[in-house]
Amino acid sequence: MVGSSTSYCMSYLQVLVYWLCELTTDTAIRYSVHGCFVVTCTLCAFISLVWLREQIVHGGAPQWLEQNQQQPLNGVGQQNEAQAAVNGGVENAVLDQPANPAAENVVVGENPEIQEEQVDEEEEDNEDEEDAVVEDAADANNGAQDDMNWNALEWDRAAEELTWERMLGLDGSLVFLEHVFWVVSLNTLFILVFAFCPYHIGHFSIVGLGFEEYVQASHFEGLITTIVGYVLLAVTLIVCHGLAALVKFQRSRRLLGVCYIVVKVSLLVVVEIGVFPLICGWWLDICSLEMFDATLKDRELSFQSAPGTTMFLHWLVGMVYVFYFASFILLLREVLRPGVLWFLRNLNDPDFNPVQEMIHLPIYRHLRRFILSVIVFGSIVLLMLWLPIRIIKYLLPNFLPYNVMLYSDAPVSELSLELLLLQVVLPALLEQGHTRQWLKGLVRAWTVTAGYLLDLHSYLLGDQEENENNANQQPNNQHARNNNAIPVVGEGLHAAHQAILQQGGPVGFQPYRRPLKFPLRIFLLIVFMCITLLIASLICLTLPVFAGRWLMSFWTGTAKIHELYTAACGLYVCWLTIRAVTVLVAWMPQGRRVIFQKVREWSLMIMKTLIVAILLAGVVPLLLGLLFELVIVAPLRVPLDQTPLFYPWQDWALGVLHAKIIAAITLMGPQWWLKTVIEQVYANGIRNIDLHFIIRKLAAPVISVLLLSLCVPYIIASGVVPLLGVTAEMQNLVQRRIYPFLLMVVVLMGILSFQVRQFKRLYEHIKNDKYLVGQRLVNYERKSGKPGTSTTPPQSSQE
């Protein structure tokens, strides 16, 4: 027995010694990063679980989870339970209304087949709800009460008791060790339950089915295996839930159902946020291969060389595409009649709650929506990207391909400039109010034209204008509305709820007049829309690049330039041209004198804006990018025996992104001088730009700090260190490592100063708790002796 214990201890010591021998600086940093990532995932997972629990408690559990819980209805309790059933039905009707986007804003006659299908689904849902609500009302309320057993006040009190001395273990208690134990235990449980078990379930299943080679070829074996494990776990949970309901194990049935909801919502979130944008990004890349003179073999080679980077870039492109498509749909809703886009979910609807939809709707409904979304987005990519490229190659053989070749030794990083275009150029254009108004005006003009050509003005824009002109045809219009504008089941309740939330605003739909041969007119409208989108795509793919190439040819001659430069240059030139034309058209009726005055004012404003742009968009990003290059990039990428090369254009492009991130973090952070100045500059705008204020309060301090950060280390490394008589190798080491060393010193000083302030507060708190007996309020009289100017601030006094 002693020998076995000794051998066990020796084996443990050997493992520990081996691990300590392998623990170098690189491995320690890697383990620390992995540990921080695991702790962050644990925290996010627990917050998500608590939030999902709140969604289930407040929004109600699905009907299938509350079934088979029969409670006797007798005497006094019957009336209360019936009332609870009615209230539950009303709440479920309001919550489930946005869960059926096809039933929202529907007018009978728009699509009879879908309308009938939706009415059948609504009737089936209503029947299920009536059977389940009357049967499960009391137990559902009891279940909600069981879920609400925790007291929020107790949690608040626990948060108040969690002070610094308790967290650091300075109060003499063992609460600190208890917290450490619980953190370690929860992290271990999280890794075991949410990572270890699903991964091995998926691994055994993939090996058993013989798909191991295909999964390994994907370069994402761990992720795919874990997702497969979660899918199998969800199937197992729903089967066990059915068996528990069959044998009437109510507690086990509810627990299994809640676990299935958690796994289901997690998988749906992964599909909606991860898989769908990734599919869109890959489809965009595949449809645009001819535009860049690339093949699928090139994409395969790039994926094999860097799978993570390739997937991230495609996911990023897909997210941008989905975001701008959703923004365009929101703009269409502002123009079109409410009810035209009934087949698309309204993101501005206050009743829209995607998490509630994930909880309540069955999985086949989500699968149907996913397939429909893939078809719609894929068809739009074919219409606005693949087909225009084919037409351009046929009509303009020498125009394509775009010159976007990526070289590792290029003086400018195209990837950084692409991020700059996506994060700075396009938002700067789209955030301008007049740009959005131009697009909205074009959409309205197209809608009016198509409506009058196809006699669909009432269908697209409503009957407000026609009712004013055709008041004598009110009986006919009323008869048409009665025949064609019958709302679906439950629309009245939804309209009332919308009226309460929007304070008398527009409800879900507006009636319209249905012309003859309505399906044929809708088909012609779709064809006209496709032709318009095709022409618009052709213009957007050719005009900015043509203009940019022509302008850049005066500077570079016949040399080929990355099309990112030409497209951005042409885009801004087109925007400035349209803006100048609209401004001149608006000024023409005011006379020549007013025009000259406006030109003088705008010239002065443009000069001020150029000076501010040179300082804030030129000098500051350049210095920031160069400092980032010296502190982070050069020490990590360039060895000590090599000389780093700096490219100003690349540093400037990266500095613009860093400046944008820093500005966003500053605006979200606490109040200090930089945040106040940025908010003041943003509030003044371009028209009321204050050049003196910007230079004195913003540009000069920021540029001074950046110049000091760049110059002081260089002076120390190149001027002071050689005077000490050190070797050339030591001088090179100091020159290359002084910037990250000073950064670490600054960060360490900041952390120490923060901890000193916290310990001072802790000291004051402990001193007050130990020695402070009481506090009392005394009146304060001003020395001026003016009547009615006394205040009563609190003052602490020791008794």
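**Exercise 1. Classify the exposure of Trp446 in this predicted model, then do likewise for Phe528.**

Step 1. The relative accessible area of Trp446 is 23%. Buried requires under 20% and exposed requires over 50%, so Trp446 is partly exposed.

Step 2. For Phe528 the relative accessible area is 28%. By the cut-offs of 20% and 50%, Phe528 is therefore partly exposed.

**Exercise 2. Describe the aromatic pair of Phe276 and Phe370, and state which elements it ties together.**

Step 1. A pair of aromatic rings is described by the distance of the centres and the angle of the planes.

Step 2. The structure holds 23 aromatic pairs. In the pair of Phe276 and Phe370, the centres are 6.1 Å apart and the planes make an angle of 70°. An angle over 60 degrees counts as edge-to-face, so this pair is edge-to-face.

Step 3. Phe276 belongs to helix α11 (residues 250-287) and Phe370 to helix α15 (residues 363-395), so the pair ties together parts 94 residues apart in sequence.

Step 4. Phe276 and Phe370 are both buried.

Step 5. Ring pairs also join Phe276 and Phe370 with Tyr321, Phe325 and Phe377 in a cluster.

**Exercise 3. Determine the geometry of the pair formed by Trp446 and Phe528, and locate its two residues.**

Step 1. The ring centres of Trp446 and Phe528 are 5.2 Å apart, with 25° between the planes. Planes under 30 degrees apart count as stacked, so the pair is stacked.

Step 2. Trp446 lies in helix α17 (residues 433-454) and Phe528 in helix α22 (residues 518-556). The pair links distant parts of the chain, 82 residues apart.

**Exercise 4. Place Phe190 in the fold and list what it touches.**

Step 1. Phe190 is part of helix α8 (residues 175-209).

Step 2. With a relative accessible area of 13%, Phe190 falls under the 20% cut-off and is therefore buried.

Step 3. Leaving out residues up to four places away in sequence, Phe190 touches Val38, Cys41, Thr42, Ala45 and Ala195.

Step 4. Phe190 and Thr42 are 148 residues apart along the chain, while their C-alpha atoms are separated by 6.4 Å.

Key. Residues are numbered from 1 along each chain as its sequence is written. This is a predicted model: local features need pLDDT of at least 70, side-chain atom pairs count only at pLDDT 80 or more; totals for chains, interfaces and linings use all residues. Side-chain values use heavy atoms; hydrogens and water are left out. Rings of Phe, Tyr and Trp (its six-membered ring) pair if their centres lie within 6.5 Å; planes under 30 degrees apart count as stacked, over 60 as edge-to-face and the rest as tilted. Helices (H or I, at least four residues) and strands (E, at least two) are DSSP runs, numbered from the N terminus. Buried means under 20% relative accessible area, exposed over 50%, partly exposed in between (1.4 Å probe, protein chains only). Contact means heavy atoms within 4.5 Å.
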